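The following note sets out points for a colleague who is reviewing this entry. The sequence and the structure are shown first, and the numbered points follow.

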Amino acid sequence: MEINANKETGVVCNIGEKSTSDVVVRIRTQEGRDEWFYCHSQILVEKSKYFADRLSEKWPTCQILDSRHCVEVYCQESEFNHHVSLLRLLYVIENGSMTNRWHGVKNALGILQVAAELECEQIVHDCVEYLEAMPWEEAEEEEILLRITPRLGAHAELILARLQPVNPTAITGIFLSAIRFATSSPSSCLNDLKSSAQEQLEYMLTEDDDAPLLAANDEIKTEVRNCSQNLLERFYGLLEPFVCDPMGLVLDADKLLVIHSLLSDLAWVSQILTKLDALREFVQSWVETSEKIVKAVEVKTTDSDVLEIIVKVIEVASKVLEAIAYGTVILPTSKRLHAVKLWLPFVRRKKPLVDSVTANDNDTPAFKMDGELWQSLESAFVSMVLALPSGDQADILTDWLRNEYIRYPDLTEAFEVWCYRSKVAKRRLDGIPSVTNSSIMLKSSCQAPSLSS
């Protein structure tokens, strides 16, 4: 370690050198630890305002015997080594580089606290400069924010620069760039980066212990809608050749990979649109194209790749149906009835096929099933059925009761509610002349696909 020289005598000063020392610094803890360090008042006074005050004639106890020759410093046991390190640093000749003196961020944080308490301006400055340039771990960030910076005053500005909130314009710019990349089709080597972008975008919009990072303004909503529409158009375009020839899907492995990627992106972007309260156009587009989607994937096969595509289609459909069922997106009766009569038979046909492959294949299937997917769909179907006119409910329930797939989806709840409503309908509606059976039936009559399996 480089050492300081006494400016008056030119004699080299070294901490712990009893022969040249004129002051003792006692570092003590409540646990009883007590160590003496032979120091030099000139160095202490020059580099620490605390020691300068303690060793001055103005200090209240300066006239007490030996009070100016022994300074006691009390600290916590956990801070003891940092106090010792600080004393040694006071003796280091300033040479423009202190990097090797700090021994890592954690140690530097401890020294910085002591330097701030003992008012060692140069040590504080050098330590802040070091910390500002070094990478931090999460725990170190919390310590810097909660324990260190409140004591630093003006010095805190530099060290906190990386933690300062960013202006909304910069946040919006990052979000827009990220959403474009997250809904693109990059090469496979960038898939991990794309997944990371999707995770961070969702995090930016999530309200947890902190508010969302950005507000859902028109610019953001418009860009996400455009990106989602682009995904839908690419998906529809890839699926078009298979509308009249579903078996072609089994034979085209390359397209299966691209379609799977697009479906994953569609499932993800639907969640983003939900957070932004901008799901309407996505739902309308999916509902209007549902018939072609169902035809394109209506293939009986045990091929795991094709089954995974079917499950992904059902996953996206589930998000659309849930949005309709729970009022996130409001659609007219005819479109809701169309969606039920199209997707309910499709789902109940495909579930046994997926379940049989998952249960009977000795090898683990190449795709993972979300155990809550079927339950979420079932709940959505029940809610959608109960929101339809009673005559349409009757048609759907009649078909369900005589169907070989009666176990799924289980519409028992809808059946019980329909029975109760139908039984009390006359008493409930008695006295309301504008409501008659004929008017209800007229409203419920609309073009929709057959519910047959």
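1. The model under review is predicted. Its largest pocket has a lining of 23 residues, and those nearest the centre of the pocket are Leu163, Gln164, Pro165, Tyr203 and Leu213. Helix H7 (138–148), helix H9 (168–182) and helix H10 (191–205) are the elements that each contribute two or more residues to this lining. H10 provides the largest share, with five residues.

2. The space in the largest pocket comes to about 700 Å³. By residue class, its lining consists of 14 nonpolar, six charged and three polar residues. Two domains take part: domain 1 (23–163) and domain 2 (169–360 + 368–426) each supply at least three of the lining residues.

3. For the chain as a whole, the model shows 20 helices and five strands. The protein chain has 453 residues, and 42% of them count as buried. Among contacts with a separation of 6 or more, 71% are between residues 24 or more positions apart.

4. Which residues does Gln113 touch, once those up to four places away in sequence are set aside? They are Glu143, Arg147, Ile148 and Arg151. Gln113 itself belongs to helix H5, which spans residues 105–117. Its relative accessible area is 6%, so Gln113 is classed as buried, the limit being under 20%.

5. His82 is placed in helix H3 (residues 80–89). With neighbours within four places in sequence left aside, His82 is in contact with Asn107, Gly110, Ile111 and Val114. The C-alpha atoms of His82 and Gln113 are 8.6 Å apart in space, while the two residues are 31 residues apart in sequence. His82 also counts as buried, because its relative accessibility of 17% falls under 20%.

6. Ala216 sits in the loop between H10 and helix H11 (218–239). Its contacts, leaving aside neighbours within four places in sequence, are with Lys221 and Leu276. Leu276 is 60 residues from Ala216 in sequence, yet their C-alpha atoms are 5.8 Å apart. Is Ala216 buried, partly exposed or exposed? Ala216 counts as partly exposed, since its relative accessibility is 36% and this class lies between 20% and 50%.

7. The bond from Tyr408 to Pro409 is cis, and its omega is near -10 degrees. Pro409 lies in the loop between helix H18 (390–401) and helix H19 (412–429).

Methods
Residues numbered from 1 in each chain as written. Predicted model: local features only at pLDDT ≥ 70, side-chain atom pairs only at ≥ 80, totals over all residues. Heavy atoms only, no water. Helix = DSSP H or I, 4+ residues; strand = E, 2+ residues; numbered from the N terminus. Buried < 20%, exposed > 50% of the residue type's maximum accessible area, 1.4 Å probe, protein only. Contact = heavy atoms within 4.5 Å. 1 Å grid on protein atoms, 1.4 Å probe; cavity = no way out; pocket = protein on both sides within 12 Å on 5 of 7 lines; lining within 4 Å. Points joined across faces, edges and corners; volume = space filled by probe spheres on them. Nonpolar A, V, L, I, M, F, W, Y, C, P; charged D, E, K, R; others polar. Domains from an automatic or database assignment.
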